[in-house]
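Work through the exercises below with the sequence and the structure at hand. Each task is followed by a worked solution.

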Amino acid sequence: MSGGGAETPVGCEAAPGGGSKKRDSLGTAGSAHLIIKDLGEIHSRLLDHRPVIQGETRYFVKEFEEKRGLREMRVLENLKNMIHETNEHTLPKCRDTMRDNLSQVLQRLQAANDSVCRLQQREQERKKIHSDHLVASEKQQMLQWDNFMKEQPNKRAEVDEEHRKAMERLKEQYAEMEKDLAKFSTF
């Protein structure tokens, strides 16, 4: 029953290789010792699971570490392959594509820059023309205003003269009307 010791039969059977000596059920001190030993072995096999659990734990840890190591090795191998693929194929393709297309991109950028410069120049010229036109308009309006203000005293004098003449005519007209009215009131 135990892995390392000799098995001893239970009861009154003879021990193997022991000859013709029989044990009785009550036995002697030596047989009591054997019975206690057998009971200890039975107890440890039935109730003491520490060795089995320790063995299973060692097996589980060993398997886990091996699988983990293999998984990590696969991940590292995949990374190595990916880096190799990138260095050997993708980067040279990118460099070649960049070299081929970079001159075209630079030409397009230069053309766009030239177009923007022309547009800015046109806009500045348009603003300058507009500004010059505004200045000229303002000067013309100032001249017109100055002329208008210079003419105002003359026109005011003319209006005043016309008003004075109109007042004199009205006075004369009213004076005549009063004379005419005075003639008619004497009747």
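The exercises concern a predicted model and go from the whole chain to single side-chain pairs.

**Exercise 1. Overall make-up**

Task: State how many helices and strands the protein chain has, and what share of its residues counts as buried.

Solution: 
- The secondary structure consists of 2 helices and 0 strands.
- The chain has 187 residues, and 3% of them count as buried.

**Exercise 2. A nonpolar patch**

Task: Find which residues make the nonpolar surface patch of about 610 Å².

Solution: 
- The patch is made by Met73, Val75, Leu76, Leu79, Met82 and Ile83.
- One of these residues, isoleucine 83, lies in helix α2.

**Exercise 3. The aromatic pair**

Task: Classify the pair formed by the rings of tryptophan 145 and phenylalanine 148 as stacked, edge-to-face or tilted.

Solution: 
- The count of aromatic pairs is 1. In this pair, the ring centres of tryptophan 145 and phenylalanine 148 are 5.6 Å apart and the planes meet at 35°, so the pair is tilted.
- The cut-offs behind this step are under 30 degrees for stacked and over 60 for edge-to-face.
- Both residues belong to helix α2 (residues 50-185); because they are 3 residues apart, about one helical turn separates them.
- Tryptophan 145 is partly exposed at 49% relative accessibility, and phenylalanine 148 is partly exposed at 37%.

**Exercise 4. Salt bridges**

Task: Among the 6 salt bridges, trace those of glutamate 123 and arginine 164.

Solution: 
- Glutamate 123 bridges to arginine 126, with the closest N and O atoms 2.5 Å apart. These two residues are 3 apart in helix α2, so about one helical turn lies between them.
- Glutamate 123 is partly exposed at 32%, as is arginine 126 at 48%.
- Arginine 164 meets glutamate 161 in a salt bridge of 2.2 Å, N to O. Both lie in helix α2, 3 residues apart.
- Arginine 164 also meets glutamate 168, at 2.5 Å from N to O. Here the spacing in helix α2 is 4 residues, which means about one helical turn.
- Through shared partners, these salt bridges join Glu161, Arg164 and Glu168 into one network.
- Relative accessibility is 31% for glutamate 161, 39% for arginine 164 and 36% for glutamate 168.

How values were computed: Residues numbered from 1 in each chain as written. Predicted model: local features only at pLDDT ≥ 70, side-chain atom pairs only at ≥ 80, totals over all residues. Heavy atoms only, no water. Phe/Tyr/Trp six-rings, centres within 6.5 Å; stacked < 30°, edge-to-face > 60°. Buried < 20%, exposed > 50% of the residue type's maximum accessible area, 1.4 Å probe, protein only. Patch = residues over 30% accessible without salt bridge, like charges linked within 9 Å, V, L, I, M, F, W, Y side chains within 5 Å. Areas by Shrake-Rupley, 256 points an atom, 1.4 Å probe, with all protein chains shown as cover. Salt bridge = Lys/Arg side-chain N within 4 Å of Asp/Glu carboxyl O.
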